Amino acid sequence: MKRLLLLVGVTMMVLAVLPSAASAAGPTTAFVAADASWVSSGVTVAAGDDLSIRAHGQAITGPLATFPGARSGPDGQATICPDPGGPNDLCNLNGEPYGALIGMIDGTVFVIGSSYLGTAPASGEIMLAVNDNVGYHADNRGGFAAQIHN
């Protein structure tokens, strides 16, 4: 009986000092290739969950000889998508910069940029992309590394 009580007591002490599974897992890092339409982050959230995403890297959203300003970090370029002189009037996220890191959860698209700190706008898997004209990602280069904490 003493051994059983000792075993239970030691087990409870060990469990009390171990980190929880959520904190032990740490952040998830996803690479967002600029030439992909949407990339799975592998992270699923519920609407209202705390969400922190930090990103770095460089994306090029078109041939630099034609579009000299097409290089950017995750905050995007000076040109807002869609550009009236661009190939079409539909972007992954209209009204936001070309080249910006964006996210989508269950059809809700939002800007991430180099840093997003807020709550998940919907429930589901976080998808990531570089903002560009829909159907024109194939000529893009580079991408971003996004570190997701939830």
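His 56 touches Pro 74, Gly 143, Phe 144 and Ala 145, leaving aside residues up to four places away in sequence; contact here is heavy atoms within 4.5 Å. The model is a predicted one, where local features need pLDDT of at least 70, side-chain atom pairs count only at pLDDT 80 or more, and totals for chains, interfaces and linings use all residues. Residues are numbered from 1 along each chain as its sequence is written, and side-chain values use heavy atoms, with hydrogens and water left out.

His 56 sits in strand 3, residues 50-60. Strands (E, at least two residues) are DSSP runs, numbered from the N terminus. With a relative accessible area of 58%, His 56 counts as exposed; the cut-offs are over 50% for exposed, under 20% for buried and partly exposed in between, using a 1.4 Å probe and protein chains only. Ser 114 lies 58 residues from His 56 in sequence, yet their C-alpha atoms are 6.3 Å apart in space.

Now to strand 7. This strand (residues 101-105) is mostly covered, with four of its five residues buried. Strand 7 pairs with strand 10 (residues 124-130) in the antiparallel sense, over five bridges; pairing takes at least two DSSP bridges between two strands. Within strand 10, Ala 129 is the residue opposite Ile 102.

Strand 8 (residues 108-111) is also an antiparallel partner of strand 7, over four bridges, and Phe 110 in strand 8 is the bridge partner of Gly 103. Strands 7 and 8 make a hairpin with two residues between them. In that turn, Asp 106 has a positive phi of about 50 degrees.
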